[in-house]
Amino acid sequence: MVFKRMMQAMGVGGPSVETVLANPNCRPGGYLEGQVHVMGGDHAVDIEYVAVGLMTRVEVESGDSEYNTDQEFHRQRLTGSFKLDAGARHDIPFRFDVPWETPITEVYGQHLHGMTMGLRTELEVARAVDKSDLDAVNVHPLPAQERILDAFLRLGFRFSRADVERGRVHGVQQTLPFYQEIEFYPPAQYAAGITQLEVTFIPTPHQLQVVLEIDKRGGLFTEGHDAFGRFDVDYHTVDQVDWTAQLNGWLQQSASRRGFF
């Protein structure tokens, strides 16, 4: 009997959990729908709660070192406590709101290199080991984000990679403890002075905040440095602006003002 209780406390023969998403694709500010299936094991258990949380990989700078960690940034409890009999099944439908500032992972049907995103389901069992399930989630850009990305591609910039960095962006409205940087290789006309372009999107329910960072290529006797730009995009008028011309103008002015070329 003591051995059996010890095995139960270790989760042996306990319940299992599986999450099935109706559609793993979403956008910032949207939602995910699905069902959590909780299957009973070979003995009855008391479930404390079932919760789901959105997770991504975050780069953290600590002193002179950097490391990556998986961070849950939005969480939703689906149930309170309930008893699950041996062999029973408990289905829990849910609708999970995706935060506006959620990093994107897909662009034009292609996965952004360097990005990970998943919905983790947590089953808390009284006096036993927690159970969990992780499902991949694809976050597609908002139409306003697509317009900006498309403009850079029209200018000849090419996707390099993306990452999520812990910290805050100065001068913007931000609620999450991290931000995403999408990196581009420059086209030939900018390659002489620019190493890369980094784009950060921080959406809100009312507008899209865009932060641009240019890494200047250092010369033989000069050090490289950064140039920053920031603007807001109105969701209702985004299609009325020639973003290719706007961004090209900003890049030309910024490069000329800072002596990039």
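These legends go with a set of close-up views of one predicted model. Residues are numbered from 1 along each chain as its sequence is written, and side-chain values use heavy atoms, with hydrogens and water left out. Because the model is predicted, local features need pLDDT of at least 70 and side-chain atom pairs count only at pLDDT 80 or more, while totals for chains, interfaces and linings use all residues.

View 1. Helix H2 covers residues 143–154; helices (H or I, at least four residues) and strands (E, at least two) are DSSP runs, numbered from the N terminus. Ala144, Gln145, Ile148, Leu149, Ala151 and Phe152 are buried, where buried means under 20% relative accessible area, exposed over 50%, and partly exposed in between (1.4 Å probe, protein chains only). Seen down the axis of H2, these buried residues fall within an arc of 155 degrees, so they line one face of the helix; the arc is that of the directions from the helix axis to the C-beta atoms. After H2 comes glycine 156, with a positive phi near 100 degrees.

View 2. A salt bridge is a side-chain nitrogen of Lys or Arg within 4 Å of a carboxyl oxygen of Asp or Glu. Arginine 154 is exposed at 61% relative accessible area, whereas aspartate 150 is partly exposed at 27%.

**View 3. Glutamate 72 meets arginine 120.** This is another salt bridge, with the closest N and O atoms 3.9 Å apart. Glutamate 72 sits in strand S5 (residues 65–77) and arginine 120 in strand S10 (residues 117–125), so the pair ties together parts that are 48 residues apart in sequence. Both are partly exposed: glutamate 72 has a relative accessible area of 28%, and arginine 120 has 24%. The structure holds 12 salt bridges.

**View 4. Glutamate 183, buried without a salt bridge.** Look for glutamate 183 in strand S14 (residues 178–185). The nearest side chain of opposite charge, arginine 161, is 4.3 Å away; Lys and Arg count as positive and Asp and Glu as negative, with His and the chain ends not counted. Leaving out residues up to four places away in sequence, glutamate 183 touches several others, including Phe159, Arg161 and Leu197; contact means heavy atoms within 4.5 Å.

**View 5. Strand S1 and its two faces.** S1 runs antiparallel to strand S3 (residues 31–39), joined by six bridges; two strands pair if DSSP finds at least two bridges between them. Glutamate 18 stands opposite histidine 37 in S3.

View 6. Valine 58, in strand S4 (residues 45–62), counts as buried at 0% relative accessibility. Valine 58 and glutamate 165 are 107 residues apart in sequence, yet 5.5 Å apart in space, C-alpha to C-alpha.

Methods. Expected span 1.5 Å × (residues − 1).
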